[in-house]
Amino acid sequence: MLDAGRHPKINLLSYCEVEEVSGEVGAFQVKVRKKARYVNEDLCTGCGACVEKCPTTVKDTYNEGLGERTAIYKYFPQGIPSTHCIDAENCRQLGQGKKCGICAKVCQANAIDFEQQDQMLDLEVGAVVLATGYDVFDPSVIPEYAYDRIDNVVTAMEFERLLSASGPTHGHLDRPSELALRAEVAVLEKDLNKVSRQIDRLEEKHGKKTAEFLKEFEAGKAGEDEDFERWATLAEKQTAAEKVLAPLKKREAAAQTAKNLAFIQCVGSRDFRFNRFCSSYCCMHSVKEAMIAHEHDNQTTSSIFCMDLRAVGRGFEEYKLRGGKSSNIKYVRGRVAEITEDEAHNPIVWYESTTSRQVDHETFDLVILATACVPSAGTPKLADLMGVELDQNGFFKTDPFAPLDTTRPGIFVCGCAQGPMDIPESVAQASSAAARAAEVVATVPKAAAGGGE
Ligand SMILES: Cc1cc2nc3c(=O)[nH]c(=O)nc-3n(C[C@H](O)[C@H](O)[C@H](O)COP(=O)(O)OP(=O)(O)OC[C@H]3O[C@@H](n4cnc5c(N)ncnc54)[C@H](O)[C@@H]3O)c2cc1C
Ligand code: SF4
Ligand code: SF4
């Protein structure tokens, strides 16, 4: 990516959207909207001073909503170009008409530009390659897996963010139930501190401690003062908040990182209710994730529940066996029927082992769903714009004998936009698609432009 960003023959247009495509192979005209970032990317040094001071926080979509980001932000640390962007909808100044502009005040490079507008770019290209990837299947439509009801059932993508050193927990396997508890404690502590500060001021003003005041107040001996009713109410609030906080803080102190993990395969894949196809990469990413979790903490054990583990690729079977031998991974052959939860927020997996032919259940710290690879949300709109067809699963349609060619000459596809595949295969396809596009650009334009030959 870094090389592509620096390449003199590659013009990287990020934060852009194709709006119109006309023409034909060898001579397409493409209209592209370059969206306003409200940050001048030529001036922004990527120092992050604006991020430190921005007072607005929202859920961080890059971290799957498990952490927070500010209204001015960088989508992810390694992004190219290394620039920032203001999320106009959530920015106090741009989206809410409030006075703020703190980012502009702290930006030494003068890169903030609240007046920046979208720009329309007109491109003349000989060929187009669609590389728009995939989306992760939403498991909340499978009621028996309780993804939207049990905090400690997460998707593999969420799990990868938890495992990542640059993720919301800096690589510690903190469970979502504990993250929610921590957030609840932080809010309650903030409220309690506010009440305590008000009480401190009243104690100082009246020269006595609250306990002493309450004794007098309750006995009707406190006398007359406009502060006294409020003081008594604040004291009551403080006692109630402390009562609520104490057991939560005890639970927070006792919380441990997740060590006993369950991976459920084929969530939304190979399932006639959702997608009949195999998503091809999820068996191996579950083995990888279980191995990384074990590298973080060698007490970690993992059970991978699968109909069959598809280790298709050179060295993949050996990798799977190594996981079983050295990383405490147990492979359980069987489809999971249901996930429930105990009082300590531990998920319980109910399944039939097709090897022992026994129905069984087991309690885990965390369950990870290997969700299917589905067409990215914008695929139908893009297909319409490009004038290409989709296949029965909603990915861009190709010919089995020309797997990079869409149904429109000069428009190619690679990677998961064409169907589920892993990174090596996506990269190989990307090179092939680039070669196909170069071939077209070198040969077709003359004919398309009416130049003969
Ligand atoms: C949890 C998980 C773990 C995985 N781990 C591994 C692994 O360890 N090894 C491995 O080989 N594979 C792994 N995979 C599979 C891997 O993610 C895919 O093989 C790979 O990302 C496919 O690359 P791609 O470029 O086709 O698509 P993507 O990576 O999805 O990239 C597509 C890009 O296009 C952008 N885009 C989408 N629509 C538009 C649009 N309309 N206009 C402009 N841009 C658009 C998207 O924002 C995205 O940046 C994993 C998958 C998952 C879900
Ligand atoms: S104007 Fe304020 S809220 Fe908006 S991005 Fe700048 S610092 Fe954040
Ligand atoms: S790769 Fe494995 S988990 Fe994914 S759909 Fe295929 S069999 Fe199921």
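This is a predicted model: local features need pLDDT of at least 70, side-chain atom pairs count only at pLDDT 80 or more; totals for chains, interfaces and linings use all residues.
To find your way, residues are numbered from 1 along each chain as its sequence is written, while chains are lettered from A and ligands numbered from 1 in the order in which they are written. Local features need pLDDT of at least 70 and side-chain atom pairs count only at pLDDT 80 or more, whereas totals for chains, interfaces and linings use all residues.

The shell around ligand 1 takes at least three residues from each of domain 1 (17–31 + 122–133 + 376–453) and domain 3 (136–174 + 257–374), with bounds from an automatic or database domain assignment. Of the 23 residues that surround ligand 1, the closest are Thr132, Gly133, Gly415, Asp422 and Ile423. Strand β9 (134–136) and helices α5, α9 and α12 (423–448) each give at least two residues to this shell. Its make-up is 12 nonpolar, seven polar and four charged residues.

**Domain 2 and domain 4 are the next pair to locate.** Domain 2 covers residues 36–117 and domain 4 covers 178–254. Taken over C-alpha atoms, the centres of domain 2 and domain 4 are 38 Å apart.

**Helices α5 and α9 pack against each other.** Here α5 (residues 156–163) and α9 (residues 282–296) meet at an angle of about 25 degrees, and their axes are 11 Å apart (axes are lines fitted to C-alpha atoms over the stretch in contact, and angles run from 0 to 180 degrees between N-to-C directions). Helices α5 and α9 are therefore roughly parallel. From α5, the contact uses Ala156, Phe159, Glu160 and Leu163; from α9, Cys282, His285, Ser286, Glu289, Ile292 and Ala293 (contact puts C-beta atoms, placed from the backbone, within 7 Å). This contact has six nonpolar, two polar and two charged residues.

**Helix α9 also packs with α10.** Helix α10 (residues 316–326) makes an angle of about 35 degrees with α9, their axes being 10 Å apart. Look for Met284, Val287, Ala290 and Met291 of α9 meeting Phe316, Tyr319, Lys320 and Gly323 of α10. Six nonpolar, one polar and one charged residues make up the contact of α9 with α10.

**Two backbone details sit in loops.** The peptide bond from Ile80 to Pro81 is cis, with omega near -5 degrees. You can find Pro81 in the loop between β5 (72–73) and β6 (85–86). Tyr38, in the loop between β2 (27–34) and α2 (49–53), has phi near 65 degrees, a positive value in a residue other than glycine.

Definitions and conventions:
Helices (H or I, at least four residues) and strands (E, at least two) are DSSP runs, numbered from the N terminus. Angles under 35 degrees count as roughly parallel, over 145 as roughly antiparallel, 65 to 115 as roughly perpendicular and the rest as oblique. Two residues are in contact if their C-beta atoms, placed from the backbone, lie within 7 Å. Ala, Val, Leu, Ile, Met, Phe, Trp, Tyr, Cys and Pro count as nonpolar, Asp, Glu, Lys and Arg as charged, and the others, Gly among them, as polar. A residue is near a molecule or strand if its C-beta atom, placed from the backbone, lies within 6 Å of it.
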